[in-house]
Amino acid sequence: DSKVILKDLESTNGTFVNGKKINLHSLADGDKIQVGNAAILKFSYQDDLEETFQQNLYQSATHDSALGIYNKKFFIDTFNKEFSFVKRNSTKLTLIMFDIDHFKKINDTHGHQAGDSVLKKLVESVIPQLRQEDIFARYGGEEFAIILKGKPLNQGLLFAERIRSHIEKTSFEFDEKVIPVTISVGISTFASDLFSEAPKMIENADKYLYEAKRKGRNRVECEFTKESA
């Protein structure tokens, strides 16, 4: 078994393990380490089982169990942080919201298994289009959100149009039947004179999503502001 050795490098206040001052000490699981007068740490070995458990715990708390992408809670928490950051630093942030057109009809016509299959295939189709820093989350049943860090509106619009076109051209099949799938997309970009808080920007993107649906679906709708360039 591997050992962890703690060594005091002639510190002013000394290093203590379980209340005893040490110079060189082989740590055991559960040992309490005191550095100086204040900091007290508990040493613990984390085995593979514990590490797997922690990973599974994080995965279930932050990801949608059915689709494997981030869930709504993680999206909201992350978007609030990103919004605060761009507000302080006057950088760029664009939010894309989209959902599947006539998804209820897909479920009613082909069954819920077909609907689930469409959702999974859509996610698989979108993921390769993303940058590593983009946040892709399931916002609702068939509604999704993508946070584009550092992207102004014009770049977000090009990205959204690419996603929309890609989904339209992707072949969705279930039980040897082809299912036509399109999405409607709404975009909102950060503008300090428009949004005082993060939920307002989310509402704005959602508003344009439903504008896209109202205008016929399978399209992208967005705002144009002086800060989008």
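Student: Which residues of helix 6 are buried?

Tutor: Good place to start! This is a predicted model, where local features need pLDDT of at least 70, side-chain atom pairs count only at pLDDT 80 or more, and totals for chains, interfaces and linings use all residues. Residues are numbered from 1 along each chain as its sequence is written, and side-chain values use heavy atoms, with hydrogens and water left out. Buried means under 20% relative accessible area, exposed over 50%, and partly exposed in between (1.4 Å probe, protein chains only). In helix 6 the buried residues are Ala-198, Met-201, Ile-202, Asn-204, Ala-205, Asp-206, Tyr-208, Leu-209, Ala-212 and Lys-213.

Student: How should I read the spacing in such a list?

Tutor: An α-helix has 3.6 residues a turn, so residues three or four places apart point the same way. Among the elements covering the buried residues of helix 6 are helix 2 (72-89), strand 7, strand 9, strand 12 and strand 13. Helices (H or I, at least four residues) and strands (E, at least two) are DSSP runs, numbered from the N terminus.

Student: How do I describe two packed helices?

Tutor: Two packed helices are described by the angle between their axes and the distance between the axes. Axes are lines fitted to C-alpha atoms, for helices over the stretch in contact, and angles run from 0 to 180 degrees between N-to-C directions. Here helix 3 (residues 103-110) and helix 4 (residues 112-126) pack at about 135 degrees, with axes 6 Å apart. That makes helix 3 oblique to helix 4; angles under 35 degrees count as roughly parallel, over 145 as roughly antiparallel, 65 to 115 as roughly perpendicular and the rest as oblique.

Student: Which residues of helix 3 and helix 4 meet?

Tutor: Contact means heavy atoms within 4.5 Å. Phe-103, Ile-106, Asn-107 and His-110 of helix 3 meet His-112, Ala-114, Gly-115, Val-118 and Leu-119 of helix 4.

Student: What is the order of the strands in the open sheet?

Tutor: Two strands pair if DSSP finds at least two bridges between them. The five strands run in the order 8-9-7-12-13, with mixed pairing. Strand 8 (135-138) and strand 13 (220-222) are at the edges with a single partner strand each, so one side of each lacks a neighbour in the sheet.

Student: How many bridges join strand 7 to strand 12?

Tutor: Seven, and these strands run antiparallel.
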